[in-house]
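Here is a short briefing for a first look at this structure. Start with the model itself, then follow the topics below.

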Amino acid sequence: MQNGMIVDLPYAPVAVLLFLGTTLGLLVGGIVALVAFFTKQRKLSQLILKLMAAGAGLYAVLLFAASLTSQERVLAAGVEKHYCEIDCHIAYSVTGTLYSKSFTDGKQSRTARGEFAIVTLHTRFDETTIGPNRGNGELQPSPRQIEVTDAAGNNYAPVAITGRPLTTPLRPGESYVTTFVFDLPVNVVRPKLYLDNAPWPNRLLIGHEDSLLHKKAYFDLAVKT
């Protein structure tokens with residue numbers, strides 16, 4: 001890529017498999033432990049419970065170790081951030097940030113209480129991340145939430161959205177642009193945009209930026225254009 005660093009979750013499929021395997025193991029182990037308990041095989045039941053506890057404990061250690069060693073990143077304009085859709089990646093990048101006191105969406109004109117940050121977000125289906133047998137079928141990206149955070153920890157939701165919705169289906173190599181408008185204070189300090197996944201089960205995926213205590217990757221909006 002010529003647009004800078006690519007932020008990615010390279011082991012996302014592995015994290016999903018670990019989560020599913022651990023969940024299935026605990027479910028099966030729980031059923032077997034109950035059967036052993038009610039058939040008076042107490043030692044077997046206790047052994048299975050100990051193995052379940054060890055497995056859950058190991059998973060928790062890996063989860064928090066990945067989170068506590070993570071670092072926050074703030075990405076410059078044009079730098080892509082990839083989201084894994086298991087069999088492919090959707091790449092997002094901020095391609096422009098315009099600050100203005102007014103905004104017109106083609107239907108009506110609005111005046112900001114502070115100052116509008118008009119953010120252009122580029123969405124792309126990275127065709128280099130698909131398997132050889134996937135084909136050219138459409139993919140509907142998972143729902144995303146988007147907000148701006150400042151240095152004081154204040155969060156701002158968009159007051160207007162124009163262009164293609166972020167859930168618009170894409171084929172490999174296709175892309176589109178969406179514009180988000182945020183009404184920010186005039187003296188806002190270090191605004192940065194965060195594009196978020198649905199919280200579950202991501203909160204429990206090892207290495208996922210939405211997992212417990214994990215640091216985030218933001219898009220920089222501090223440079224006014």
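This is a predicted model, in which local features need pLDDT of at least 70, side-chain atom pairs count only at pLDDT 80 or more, and totals for chains, interfaces and linings use all residues. Residues are numbered from 1 along each chain as its sequence is written, and side-chain values use heavy atoms, with hydrogens and water left out. Helices (H or I, at least four residues) and strands (E, at least two) are DSSP runs, numbered from the N terminus.

- Helix H2 covers residues 42–68, 27 residues in total. At 1.5 Å a residue it should span 39 Å, and its end C-alpha atoms are 38 Å apart, which agrees. The expected span is 1.5 Å times one less than the number of residues.
- Ser45, Ile48, Met52, Tyr59, Leu63 and Ser67 of H2 are buried. Buried means under 20% relative accessible area, exposed over 50%, and partly exposed in between (1.4 Å probe, protein chains only).
- Helix H1 (12–38) is part of what covers the buried residues of H2. Contact here means heavy atoms within 4.5 Å.
- Leu24, Leu27, Val28, Ile31, Val32 and Val35 make a nonpolar surface patch of about 530 Å². Val35 is in helix H1. Patches are made of residues with over 30% relative accessible area and no salt bridge; like charges are joined within 9 Å, and nonpolar side chains (Val, Leu, Ile, Met, Phe, Trp, Tyr) within 5 Å. Accessible areas come from the Shrake-Rupley method with a 1.4 Å probe, and for residues only the protein chains shown count as cover.

**Salt bridges**

- The count comes to six salt bridges. A salt bridge is a side-chain nitrogen of Lys or Arg within 4 Å of a carboxyl oxygen of Asp or Glu.
- Glu209 and Lys81 pair in one of them, at 2.6 Å from N to O. Glu209 lies in the loop between strand S10 (192–196) and strand S11 (217–220), and Lys81 in strand S3 (residues 80–84), so the pair ties together parts that are 128 residues apart in sequence.
- Glu209 is buried at 5% relative accessibility. Lys81 is buried too, at 2%.
- Arg124 bridges to Asp126, with the closest N and O atoms 3.6 Å apart. Asp126 is buried at 5%.
- Arg124 also bridges to Glu127, at 4.0 Å between the closest N and O atoms. Glu127 is partly exposed at 40%. Shared partners join Glu80, Arg124, Asp126 and Glu127 into one network of salt bridges.

**Nonpolar cores**

- The largest nonpolar core has 27 residues. Tyr92, Leu121, Phe182, Leu184, Leu193 and Leu195 have the most contacts inside it. Strand S4 (89–104), strand S5 (109–126), strand S6 (145–149), S9 and S10 each give two or more residues to this core.
- A nonpolar core is a set of buried Ala, Val, Leu, Ile, Met, Phe, Trp, Tyr and Cys residues joined through side-chain atoms within 4.5 Å.
- A second, separate core has six residues, including Ala112, Ile118, Ala160 and Val181.

**Loops with positive phi**

- Lys40 lies in the loop between H1 and H2. Its phi is near 65°, a positive value in a residue other than glycine. Lys40 is exposed at 70% relative accessibility.
- Arg190 is in the loop between strand S9 (175–184) and S10. Arg190 has a positive phi of about 45° although it is not a glycine. Its relative accessible area is 57%, which counts as exposed.
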